[in-house]
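Hi everyone, thanks for coming. I'd like to walk you through one structure today, so please have a look at the sequence and the model before we start.

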Amino acid sequence: MNFEFNEEQKIYRETVRKFAERHLAEEAVKRAHSDSYPWGVAGLLAKNGLLGITIAEEDGGQGGSLMDAVIAIEEIALACPRSADVVHAGNFGPIRTFAEYASSEQRKRFLPELLAGRKLIALGMSEPEAGSAVTDLRTTATADGDGFRLNGSKVFSTNSNEAELFLLYVRFGPGLDGIGSVLVERGTPGFTLGKPSRFMGGDLWCQLYLEDCYVPVENVLLRAGSFKKQIGAFNAERIGNSSRALAVGRHAYEVARKYAAARKQFGRELCEFQGIQWKFADMALKLEAAQLLLYRAAANATHGLPSTYETAVAKVFCNRAGFEVANEALQVMGGIGFSEESIVQYCVRRTRGWMIAGGTVEMMLNRIAENIFDRRFSQRPPKLAS
Ligand SMILES: Cc1cc2nc3c(=O)[nH]c(=O)nc-3n(C[C@H](O)[C@H](O)[C@H](O)COP(=O)(O)OP(=O)(O)OC[C@H]3O[C@@H](n4cnc5c(N)ncnc54)[C@H](O)[C@@H]3O)c2cc1C
């Protein structure tokens, strides 16, 4: 057991930290309040090897580990929370599932632009009638000549308003074994986007509509029967979600820590009040405990994919810690923390969303309970005896 990073990891962390402080910290508040995806940051991160960290070098990535990607997202978020979205999109999101399972032809076709930070891929898994119960998804892919016709709708896809490529979970047939996934490009006839809606975190999403949308067989990512494979890769997305939640909570904590050391009330600094000191001690406990669980899941990842149990434990703890710490940091900062001028209120709003995105905290607790009792608990109503 060793709780220390190795020399290479320490140097990597230091390098990313300096890069983030020099290039990203200054405009952090401005970026947090901007509607558009930070394309300038995406180009900059791509040039500096911060996209495709875990993707193989022969595919244009960096050939690094999941832990390297976690270190990168932590350091970028500490300087600029909104820029950490770019690290997420370029390393943990649907790009990770794509890189894991795409054919070499699909990699050649799509990865260069994604890894250059010029295009985005969005994930369409959730549907109006299939959220936590994702296997209830209804979007169909029906064989038609050399391809498939898609019909259905998707909701809540992160970055959908600006993405060029969409990785969509579809149903090739009935039941769990009927689920697979396809790639659909923006502009494909029969594929339309609804008007943008805004998450509480500030980012926009559009409902996706598929009406007899034709995709050739070359656009199939995973055939029917691949749901478990897809969810396996999705655990990497959950590590990204956990890292970002924790790192954005830590960002708020750092802002509040500096504020409490400088702000005076009753003729003394806030940090001299024991009530404030205990808040920080509790915040630090949450951050440290969450970080250990996150590192365990990332460090134990074999072939870059973490275990379902360790991921679920890390996600619940990081989601809660990130949100609770950001919320307490806001409290320490009083009125200014609640104002737009401060990035801390943005951190509260963003960390709240990750308790829902990527599998809700409750669904993660269900996974943990199954591990505890070593049995599967169906969430479906019991079947009535005939
Ligand atoms: C910021 C954000 C980004 C997102 N990005 C994407 C994306 O990129 N792509 C995508 O496809 N989706 C995305 N989503 C959607 C997300 O995956 C879903 O919101 C999530 O899976 C929950 O589904 P739902 O909203 O339909 O809630 P529901 O499933 O209707 O759940 C409502 C409530 O009931 C609880 N609940 C449901 N079932 C159970 C159960 N069995 N046991 C205990 N509690 C239960 C849930 O935990 C939740 O609290 C995003 C969501 C957010 C908030």
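Predicted model: local features only at pLDDT ≥ 70, side-chain atom pairs only at ≥ 80, totals over all residues.

While we are on charged pairs, how many salt bridges does a search of the whole structure find? The search turns up 26 of them. I'll pick out a few others.

One is between E27 and K30, with 3.6 Å between the closest N and O atoms. On the E27 side, we have a partly exposed residue at 36% relative accessibility. K30, on the other hand, is at 60%, so K30 counts as exposed; the cut-off for that class is over 50%.

Another one joins R268 and E272, where the closest N and O atoms are 3.2 Å apart. E272 has a relative accessible area of 35%, which means it is partly exposed. R268 is partly exposed as well, with a relative accessible area of 37%.

Let's move on to helix packing. As a reminder, two packed helices are described by the angle between their axes and the distance between the axes.

Helix α6, residues 94–101, packs with α7 at an angle of about 150 degrees, and their axes are 11 Å apart. Angles over 145 degrees count as roughly antiparallel, and therefore that is the description for α6 and α7. As for handedness, α6 and α7 make a left-handed crossing.

Next, please find helix α8, residues 227–262, and helix α9, residues 274–299. Their axes come within 10 Å and cross at roughly 155 degrees. That angle makes α8 roughly antiparallel to α9. Here too the crossing is described as left-handed, with α8 passing α9.

Now, which way do α3 and α5 cross, left-handed or right-handed? α3 passes α5 in a right-handed crossing. These are helix α3, residues 39–47, and helix α5, residues 81–91, whose axes come within 10 Å and cross at roughly 55 degrees. With that angle, α3 and α5 are therefore oblique to each other.

From helices to a spot on the surface. M1, F3 and L292 make a nonpolar surface patch of about 450 Å². M1 is found in the segment before α1, which spans 7–23. At 91% relative accessibility, M1 counts as exposed.

For contrast, let me show you a residue inside a helix. A72 lies in helix α4, residues 66–79. Is A72 buried or exposed? A72 counts as buried, because its relative accessibility is 0%.

Last stop, the backbone angles. F266 is not a glycine, yet its phi is positive, at about 55 degrees. You'll find F266 in the loop between β11 (264–265) and β12 (268–269). With a relative accessible area of 79%, F266 is exposed. D374 is another residue other than glycine with a positive phi, in this case near 50 degrees. Where does D374 lie? D374 is in the segment after α12, which covers 361–373. D374 counts as exposed too, because its relative accessibility is 69%.

Terms used: Residues numbered from 1 in each chain as written. Heavy atoms only, no water. Salt bridge = Lys/Arg side-chain N within 4 Å of Asp/Glu carboxyl O. Buried < 20%, exposed > 50% of the residue type's maximum accessible area, 1.4 Å probe, protein only. Patch = residues over 30% accessible without salt bridge, like charges linked within 9 Å, V, L, I, M, F, W, Y side chains within 5 Å. Areas by Shrake-Rupley, 256 points an atom, 1.4 Å probe, with all protein chains shown as cover. Helix = DSSP H or I, 4+ residues; strand = E, 2+ residues; numbered from the N terminus. Axes fitted to C-alpha atoms, helices over the stretch in contact; angles between N-to-C directions. Parallel < 35°, antiparallel > 145°, perpendicular 65-115°, else oblique. Left-handed = near helix turned anticlockwise from the far one by under 90°.
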